[in-house]
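Open the structure in your viewer and keep the selection tool at hand. We will go stop by stop.

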Amino acid sequence: MTVHNLYIFDRNGVCLYYNEWNRKKQAGISKEEVRNPNYLNKSGVTSEVEANGSFVQEFKLMYGMLFSIRSFVSKMSPLDMKDGFLSFQTSRYRLHYYETPSGLRFVLNTDLSVANARDTLQYIYSNLYVEYIVKNPACVSPSSLDSELFSSRLDAFIRALPYYSPRAA
């Protein structure tokens, strides 16, 4: 069992935070010359190397896929979807999704053995994001997650999960 990576997007599709733990294969996306200070590295700090690389394209693709899947699920569901899209799986990984009332989107990629990570994503939002970003007067804007405390607490929380494993499957 393992956790691969975590994305946090704002309501406009800007990736506020990204971190990976057990990701062996990098995205096979071509490099794109973009300088955008809103793209952050693993520690929540702007990185020109990553902002100029394939991460920007990966963030756009991930957000676009989420947008499309949410729209598809809401249109095709025979019932009123209170929670909407929660997760999907491929032959290699499972993507877990949580959207807050304010439009923040949390995406956690795990291996297939993790059945449901919704409680984990809700905990990250309510106990880590709200406590260390929203309530932090040092964080001038929630659009820049440059809190070392948030990053370290999130990392410790992920590593303490029962389905976290330091080796990737």
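**Stop 1: a helix residue and its neighbours**

Select Glu 131. Leaving aside its neighbours within four places in sequence, Glu 131 is in contact with Ser 126 and Asn 136. Bear in mind that this is a predicted model. Glu 131 sits in helix α3. Is Glu 131 buried or exposed, or partly exposed? Its relative accessibility is 37%, so Glu 131 counts as partly exposed. Now show side chains. The side chain of Glu 131 makes a polar contact of 3.0 Å with the side chain of Lys 135. Glu 131 and Phe 150 are 19 residues apart in sequence, and their C-alpha atoms are 8.5 Å apart in space.

**Stop 2**

Centre on Ile 158. Beyond its neighbours within four places in sequence, Ile 158 is in contact with Val 3, Trp 21, Leu 108, Ile 124 and Tyr 164.

**Stop 3: a tyrosine in β2**

Select Tyr 17. Its place is in strand β2, residues 15–20. Tyr 17 has a relative accessible area of 0%, so it is buried. The side chains of Tyr 17 and Asn 19 are joined by a polar contact of 3.3 Å. Now bring back Phe 106. Along the sequence, Tyr 17 and Phe 106 are 89 residues apart; C-alpha to C-alpha, the distance in space is 9.5 Å.

**Stop 4: a histidine in β1**

Finish on His 4, in strand β1 (residues 3–9). Why does His 4 count as buried? Its relative accessibility is 15%, and the cut-off for buried is under 20%. Which backbone oxygen does the His 4 side chain reach? It is that of Asn 22, at 3.0 Å. Not counting residues up to four places away in sequence, His 4 touches Glu 20, Trp 21, Asn 22, Arg 23, Tyr 93, Asn 109, Thr 110 and Asp 111.

Definitions and conventions
Residues are numbered from 1 along each chain as its sequence is written. This is a predicted model: local features need pLDDT of at least 70, side-chain atom pairs count only at pLDDT 80 or more; totals for chains, interfaces and linings use all residues. Side-chain values use heavy atoms; hydrogens and water are left out. Helices (H or I, at least four residues) and strands (E, at least two) are DSSP runs, numbered from the N terminus. Buried means under 20% relative accessible area, exposed over 50%, partly exposed in between (1.4 Å probe, protein chains only). A polar contact is a pair of N or O atoms within 3.5 Å; within protein, one must be able to donate a hydrogen and the other to accept it, and residues adjacent in sequence count only if both atoms are side-chain atoms. Contact means heavy atoms within 4.5 Å.
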